[in-house]
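Reader: Please take a close look at one part of this model, the contact between its domains. I would like the terms spelled out with their cut-offs.

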Amino acid sequence: MLRIPPKLYEKIKYFATFPQTGVSLRQMVKFGQKPSPGTLFRASQFVADELPIRLAHRVVELENLPNHLSEMPSVIKVKHWYAQSFKDLVEFPRPELSAELRERLRASMVAGQGMQLPEAQPNPATSYYAHSSVAAVTGSNRNGNAASATRTRAYYARMDNVDLPRDILKYNDDFVRCIGAIKRRHDPVVTTMAQGIQEYKEAIGHQLIDTDVQLFLDRFYLSRIGIRMLIGQHIALHQPPPDKDYVGIIGTRTNIRLIAQEAIENARFICEDYYGLFNAPEVQLHCPDDLEFMYVPSHLHHMLFELLKNSLRAVVETVGSDSDDNFPLIKVIVAEGKEDITIKVSDEGGGIPRSGMPMVWTYMYTTAETPELDADYNKSDFKAPMAGFGYGLPLSRLYARYFGGDLKLISMENYGTDAYLHLRRLSDSEEPLP
Ligand code: ADP
Ligand code: MG
């Protein structure tokens, strides 16, 4: 495939010299609590400054991977998506702000909430945008449906409004569409990168990936979680929240019991789908009804879902049911501490031999048959099947670590496995930026 055009790559390398700027969960919530066109504009400026820096770091890393990994066709494909998204962002025209308007925006934000997003610092944009006059924001190819546009407008109208010029309102809309398209472009990154690692394994002729590749994938996917969090949050702030306990995609009062129940149902559903009716072990949940904390519900669901699928599979495949057709129960126990909320998923599925423990954290390590990738895998986000890609545990641990938590596994060989999912209650942990 083609190389990244040298001029574009020069620019990417320049942006990659700037440090990435993290945002904590609490900062995102404070910032998004009372969105107004002014704060949304400010947020889009932060995203417009920060995203190209994060993408640039990834492109440079993808270009310089060890052991010829950079030369694998699927890795090159992924790199081009990152480069293209970088290009889309740095070429996206910004409205010019008059001094008077800048002051009004500042004032509206101070009034709106006492908190600002950090500046993406130092802002490399200035040197690149200084000479491009971008008074008019162009490129309105509206493909969002009209109903949602009307809803969004109604939502805007209710916001405490600073009188902003039309081009800024339009910029807000257009920018959301731009990053929405970027997010969709990157949907298949996990599966495509997995494909790249497969190509790499074939090239090196053995199955286990080396430590530096494992570390690279951890950095790469962790960074992807952060990028998608920024984009997802910014897009969601432009829409009416599903209920009052949401700020963007963050649940300010995420009810653990409800999410756990949903994950249990979904995992058991997949399990029965895979092993046949009545072949899903029961799951017992111990969790206070009213336990709530600030988190991203979709992340919590993802981690629990993956852990539960593993436990269900271990119980069904390794232990099976006894003569009374009863599987040993899987238990989910939730403990509420001051610092952490810890969720233990405990099964009697036979455990993992101690020598196999380091392996379970490596990408693409699986003891299940790898299912055929959906012909459409290139279009959709990674939807994990019952098992077989060996991504469940390592990715779940990254989700946990992204907000300052962790995931640990303790096994008793020939008995069962306990997975401990630690989630930080203090939502101000620094975003890790690999
Ligand atoms: P996958 O489920 O696709 O195989 P995971 O990363 O979720 O990938 O798990 C990797 C491997 O770890 C599994 O294939 C299995 O061998 C082992 N494993 C994970 N959880 C358990 C468990 N609860 N009991 C026994 N083995 C487990
Ligand atoms: Mg799994």
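Author: Buried area is the accessible area, taken with a 1.4 Å probe, that two parts lose on being put together, summed over both. This is a predicted model, in which local features need pLDDT of at least 70 and side-chain atom pairs count only at pLDDT 80 or more, while totals for chains, interfaces and linings use all residues. Residues are numbered from 1 along each chain as its sequence is written, chains are lettered from A and ligands numbered from 1 in the order in which they are written, and side-chain values use heavy atoms, with hydrogens and water left out.

The domain assignment, which is automatic or taken from a database, gives domain 1 (8-132 + 149-243) and domain 2 (250-424). Their contact (heavy atoms within 4.5 Å) takes 29 residues from domain 1 and 25 residues from domain 2. Between them the two domains bury about 2,500 Å², and 69% of that lies on carbon and sulfur atoms. On the domain 1 side, L25, T191 and I225 supply 23% of the area buried against domain 2, more than any other three residues.

No salt bridges are counted between the domains; the term requires a side-chain nitrogen of Lys or Arg within 4 Å of a carboxyl oxygen of Asp or Glu. As for helices (DSSP runs of H or I, at least four residues, numbered from the N terminus), α2 (25-32), α4 (73-90), α9 (189-204) and α10 (211-237) each supply at least two residues of the domain 1 side. The most comes from α10, with eleven residues.
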